[in-house]
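This report covers fold, overall dimensions, salt bridges and some separations along the chain. The sequence and model come first.

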Amino acid sequence: MIKEIAWDVFKNTGDINSFLEYKQIQDLESGIKEIQEIQKITNMNVENINKNNI
């Protein structure tokens, strides 16, 4: 949704700042997804360790 809004603003106004802001948001979203994947892997590893110690 943010991507579409930023792209529409850029197309209509030519304001590159809105497009650059979109790219920053996109990068943040990618970083968040990576962190979530790392957390899932870490949680799985902890669960496996706990199962093996029982």
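## Basis and secondary structure

Helices (H or I, at least four residues) and strands (E, at least two) are taken as DSSP runs and numbered from the N terminus. By that rule the protein has two helices and zero strands. Helix α1 covers residues 2-13, and helix α2 covers residues 16-53. N53 belongs to helix α2.

The model is predicted: local features need pLDDT of at least 70 and side-chain atom pairs count only at pLDDT 80 or more, while totals for chains, interfaces and linings use all residues. Residues are numbered from 1 along each chain as its sequence is written, and side-chain values use heavy atoms, with hydrogens and water left out.

## Overall dimensions

The C-alpha trace spans about 65 × 15 × 5 Å along its principal axes. The radius of gyration of the protein is 19 Å, whereas a compact globule of 54 residues would have a value near 10 Å. This radius is taken over C-alpha atoms, and the globule rule is 2.2 Å times the number of residues to the power 0.38.

Helix α2 has 38 residues and should span 56 Å at 1.5 Å a residue; its end C-alpha atoms are 56 Å apart, in agreement. The expected span is 1.5 Å times one less than the number of residues.

## Surface

The accessible surface comes to about 4,900 Å², of which carbon and sulfur atoms hold 57%. Areas come from the Shrake-Rupley method with a 1.4 Å probe, and for residues only the protein chains shown count as cover.

Buried residues make up 6% of the 54 residues. Buried means under 20% relative accessible area, exposed over 50%, and partly exposed in between (1.4 Å probe, protein chains only). N53 counts as exposed at 62% relative accessibility. I25, in helix α2, counts as partly exposed at 30%.

The structure holds two salt bridges, each defined as a side-chain nitrogen of Lys or Arg within 4 Å of a carboxyl oxygen of Asp or Glu. One joins K11 to D8, with the closest N and O atoms 3.7 Å apart. Both residues lie in helix α1, three residues apart, or about one turn of the helix. K11 is exposed, with a relative accessible area of 53%, and D8 is partly exposed at 35%.

The other salt bridge links the side chains of E37 and K40, at 3.6 Å from N to O. E37 and K40 are three residues apart in helix α2, so about one helical turn separates them. E37 is partly exposed, at 43% relative accessibility. An α-helix has 3.6 residues a turn, so residues three or four places apart point the same way.

## Separation in sequence and space

Which C-alpha distance goes with the 22 residues in sequence between I25 and K3? The value is 8.6 Å.

D8 and I41, 33 residues apart along the chain, have C-alpha atoms separated by 37 Å. N53 and F10 are 43 residues apart in sequence and 56 Å apart in space, C-alpha to C-alpha.
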